[in-house]
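Good morning, everyone, and thank you for making time for this. Please have a look at the chain on the screen, and then I will walk you through it.

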Amino acid sequence: MTPLEIAEIERYLTPAERAELNALLAKDIEERPWTPLPGPQTLAYESIADVVGFGGAAGGGKTDLAIGKALTQHSVVQVFRREGTELSAIIDRMEQIVGHRDGLGGKPPVWRAPAGSCRLVEFCSAPNLGDERKYQGRAKDLLVIDEAANFLESQVRFLMGWVRTTDPSQRTQTLLTFNPPTSAEGRWVMQFFAPWLDKKFAGKRARPGELRYVAVIDGKDVWVDNGAPIEHKGERIIPQSRTFVPSRVTDNPYLVGTNYMATLQALPEPLRSQMLYGDFQAGVEDDIWQVIPTHWVEAAQVRWKQRSPRGEMLTMGVDVARGGQDSTVVATKHQTALHALWFDNLKTITGKDTDDGDKAAGQVMILRRDDAPINVDVIGVGASVYDSLKRANAQVWGVNVSERPMRATDRSGALSFFNLRTDLWWAMREALDPTVDTGIELPPDPELLAELCAPRWSMSGKTVKVEGREEIVKRVGRSPDKATAVILALPEVPKLRAMMNARLVEDVMNYDPMARMGA
């Protein structure tokens, strides 16, 4: 019953009847302050998944679902928005539902015993990478990430690490609510809920509300058949369940009869399709300073086909793990019947298997074929790998991206490069440029797509500068390891043995046995 309906009824009641009605309403609110709408909201509300994704279109009741779950299903709750100033709308809506602000106070706001079974709701924000660590160790049985596509994936995964309770009867859950991402940084939600949102998902597509299971193996999501524990390298890994429930404004009867529908219909494309229909395939807008446009990379991945045989291995690019959850990544470029810009599936090797130079070099040598030159990022930990490969008599180029560029200008001749990093990234941009038509083929790896589209560039005079790894990590929350390996494998490096053989042939062809006699 809405407040307007209650007010209409009260007009016909005596003072005693109104007092009795108010007492009944207060009791009802205390016992069950919120009820989900029929349809998608109820499906998400009743889900037993460890992680629930809800939303898609605007106006589908995302905030109400978060509040309703907090008040009726949980005890200790954290509600996050990226910016703290955005929390006031959630607090105001909760006040409308419970009818008071008793127990609300503090900075950041904490609401104690708002209604129902809920003991505490903490309203939090994490505008910058690293802010999420302020909440380390603070247990909650419900974590709400409202407008999750505005967060960095690493922030969300970190906060999920403290969803727990000591009460065996209390369900623990994470709720991610979001609209389709409007920037490349928000695309991670599509991979996080890939069986529902990614049309390129390799497995069977999932139905709304269906439970699917994910095991995090070596820091990567692996979709598995069920929740049975998995043994991996001596570790027992327990998969988590995920689900996604799409919603639209038409699922919300309180908004259908308002001007909100007309407001959404008046939005320009692709925002109209995103907000009105929850279309996750509608265009995501690139930053104007993005080094490589997203659709260029997507086109190269669409062209890619698995090849057998793979053709001659021309070069290898190696980005060495920097510790923690990082992996060493190896990219290989091959000569096919059509061209020399076909890249094989990337090889990722866990950091603990490449934690010293000799071990990492050994893994690279196992993958090497056809005397391929090896290009290694030598900044930091890569230096020891370079030394080990040199001792193994491999042809190796130690790449220090802070050094001067190889080329004087870009392909047009109009731009110069700040350093070697910029030169390498710009060469990949030029290889992917559809107007050049190189036919480059990149493996359809969603992480590679995200990383190649992550860097931004700036310009001073005619000099171009691409931001460094640390700046990228700070902005998007992940290191572009796969992209780095690919750009290291791109440059044309003549094979040493081929050069030696060419000189030998030249010496034989030009040999004159009489020349020395004549001397």
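Before the overview we need one definition: a residue is called buried when its relative accessible area is under 20%, exposed when that area is over 50%, and partly exposed in between, using a 1.4 Å probe and protein chains only. With that in hand, buried residues make up 48% of the 519 residues in the chain.

A word on where this comes from: the model is predicted, so that local features need pLDDT of at least 70 and side-chain atom pairs count only at pLDDT 80 or more, while totals for chains, interfaces and linings use all residues. Residues are numbered from 1 along each chain as its sequence is written, and side-chain values use heavy atoms, with hydrogens and water left out.

The chain has 20 helices and 21 strands, where helices (H or I, at least four residues) and strands (E, at least two) are DSSP runs numbered from the N terminus. If we take contact to mean heavy atoms within 4.5 Å, then among contacts between residues at least 6 apart in sequence, 64% join residues at least 24 apart. The accessible surface, from the Shrake-Rupley method with a 1.4 Å probe and, for residues, with only the protein chains shown as cover, comes to about 25,800 Å², and 53% of this belongs to carbon and sulfur atoms.

Let us now turn to helix α4. The expected span of a helix is 1.5 Å times one less than its number of residues, and for the twelve residues of α4, residues 62-73, this gives 16 Å, which agrees with the 16 Å between its end C-alpha atoms. Why can we say that α4 is largely enclosed by the rest of the structure? The reason is that ten of its twelve residues are buried, among them Leu65, Ile67 and Leu71. The elements that cover the buried residues of α4 include helices α3 and α5 as well as strands β1, β2, β6 and β7.

Lys233, which is not a glycine, has a positive phi of about 50 degrees; Lys233 sits in the loop between β10 and β11 and counts as partly exposed, at 47% relative accessibility. Asn393 has a positive phi near 60 degrees, is placed in the loop between α14 and β18, and is exposed, with a relative accessible area of 71%.
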